[in-house]
Amino acid sequence: MIFSISKKIPQFVICDGRKFKITPYFNRVLNYFDIYEDLLDEEKIIVGIDFFCPQAKRKTLSKQAEILSRIFELLLGKKTDGKKLFDFKQDAAFIYAAFLQIYNIDLLKQHNKMDWRIFYALFLGLPKSTKLADVIDIRAQPIPKTTKHNSKQVAALIRAKKAVELKLTAREREEQIQNGLRDIAVLFKNMKKRK
């Protein structure tokens, strides 16, 4: 994601030497993420252009795909791997409350105003004093082995984790299974080397 405090945030992408104005408002990005899984490949492009760059609607589908790709490079940067600790949709109430608590920003009044990059920078800057941070902390905590000394704490952590557990999409579950299988393969490979 490109973010700079020394320059104005770009509100366009360039494709074939032409500037295309974009509408990268945080609510549009979140709405697009929300429906993305339910769309066919062609629809992902058409809806994405409709959300973020309506002036490119008359371009060919392949050109729209190229423009949309540039928009997401600009807005999101590269994907990072790791355990999912938050979800913009499932944690919406916590995010809303955190923005109000810390920044005195009512996100509902920022629809079609606040740029995604500003929203995301503020999101990343939320301090530990929010309920959202508490929830993420619970999700991130590993469950220790139960001993006679910590059985009550482990049981309490398991209950807390269950209370704030994220519901995964089918794709996310599949990715978790694939990552788990890769980890097991690496484990067996390392065990073989030790013999």
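## The overall layout

In what order do the elements of the protein run from the N terminus on? The order is β-β-α-α-α-α-α-α-α-α, and the protein has 8 helices and 2 strands. Please keep in mind as you read that this is a predicted model.

Of the 195 residues in the protein, 29% are buried. Contacts across the sequence are worth a look too: among those between residues at least 6 apart in sequence, 59% join residues at least 24 apart.

## Helix α2 and what covers it

Let us start with helix α2, which spans residues 41–52 and has 12 residues. From its first C-alpha to its last it reaches 17 Å, close to the 16 Å expected at 1.5 Å a residue.

Which residues of α2 are buried? They are Lys 44, Ile 45, Val 47, Gly 48, Ile 49, Phe 51 and Phe 52. The cover over these buried residues includes β2 (18–21), α1 (26–36) and α3 (61–76).

## How α1 packs on α2

Two packed helices are described by the angle between their axes and the distance between the axes. For α1 and α2, the angle is about 165 degrees and the axes are 10 Å apart. Angles over 145 degrees count as roughly antiparallel, so α1 is roughly antiparallel to α2. Their crossing is right-handed.

On the α1 side, the contact is made by Arg 28, Val 29, Asn 31, Tyr 32, Ile 35 and Tyr 36. The α2 side brings in Lys 44, Ile 45, Val 47, Gly 48, Asp 50, Phe 51 and Phe 52. By class, the residues of this contact divide into 8 nonpolar, 2 polar and 3 charged. Several names return from the buried set of α2, including Ile 45, Val 47 and Phe 51.

## The α4 and α5 pair

At what angle do the axes of α4 and α5 cross? They cross at roughly 80 degrees and come within 11 Å. An angle from 65 to 115 degrees counts as roughly perpendicular, so α4 is roughly perpendicular to α5.

Helix α4 contributes Ile 95, Phe 99 and Tyr 103 to the contact, while α5 contributes Phe 119, Leu 122 and Phe 123. The class count for this contact is 6 nonpolar, no polar and no charged residues.

## Two asparagines in the α4–α5 loop

The loop between α4 (92–103) and α5 (116–124) holds Asn 104, and Asn 112 is found in that loop as well. Most residues other than glycine have a negative phi. What is phi of Asn 104? Phi of Asn 104 is near 55 degrees, a positive value in a residue other than glycine. Asn 112 also has a positive phi, near 60 degrees.

Are these residues buried or exposed? Asn 104 counts as exposed because its relative accessibility is 66%. Asn 112 counts as partly exposed, with a relative accessibility of 38%.

## Gln 55, between α2 and α3

Gln 55 is found in the loop between α2 and α3. At 37% relative accessibility, this glutamine counts as partly exposed.

Which residues does Gln 55 contact, leaving aside its neighbours within four places in sequence? They are Arg 18, Lys 19, Phe 20 and Lys 21. The residue range 18–21 is that of β2. Gln 55 and Ile 22 are 33 residues apart along the chain, and their C-alpha atoms are separated by 8.6 Å.

Our next stop is Ala 140, placed in helix α6 (residues 131–140). Ala 140 counts as partly exposed because its relative accessibility is 41%. Not counting residues up to four places away in sequence, Ala 140 touches Leu 85 and Lys 161. From Ala 140 to Phe 86 is 54 residues in sequence and 9.8 Å in space, C-alpha to C-alpha.

Lys 167 is found in the loop between α7 (151–163) and α8 (170–194). With 65% relative accessibility, Lys 167 counts as exposed. Leaving aside neighbours within four places in sequence, Lys 167 is in contact with Gln 90 and Glu 172. Lys 167 and Gln 90 are 77 residues apart in sequence, yet 8.1 Å apart in space, C-alpha to C-alpha.

Conventions:
Residues numbered from 1 in each chain as written. Predicted model: local features only at pLDDT ≥ 70, side-chain atom pairs only at ≥ 80, totals over all residues. Heavy atoms only, no water. Helix = DSSP H or I, 4+ residues; strand = E, 2+ residues; numbered from the N terminus. Expected span 1.5 Å × (residues − 1). Buried < 20%, exposed > 50% of the residue type's maximum accessible area, 1.4 Å probe, protein only. Contact = heavy atoms within 4.5 Å. Axes fitted to C-alpha atoms, helices over the stretch in contact; angles between N-to-C directions. Parallel < 35°, antiparallel > 145°, perpendicular 65-115°, else oblique. Left-handed = near helix turned anticlockwise from the far one by under 90°. Nonpolar A, V, L, I, M, F, W, Y, C, P; charged D, E, K, R; others polar.
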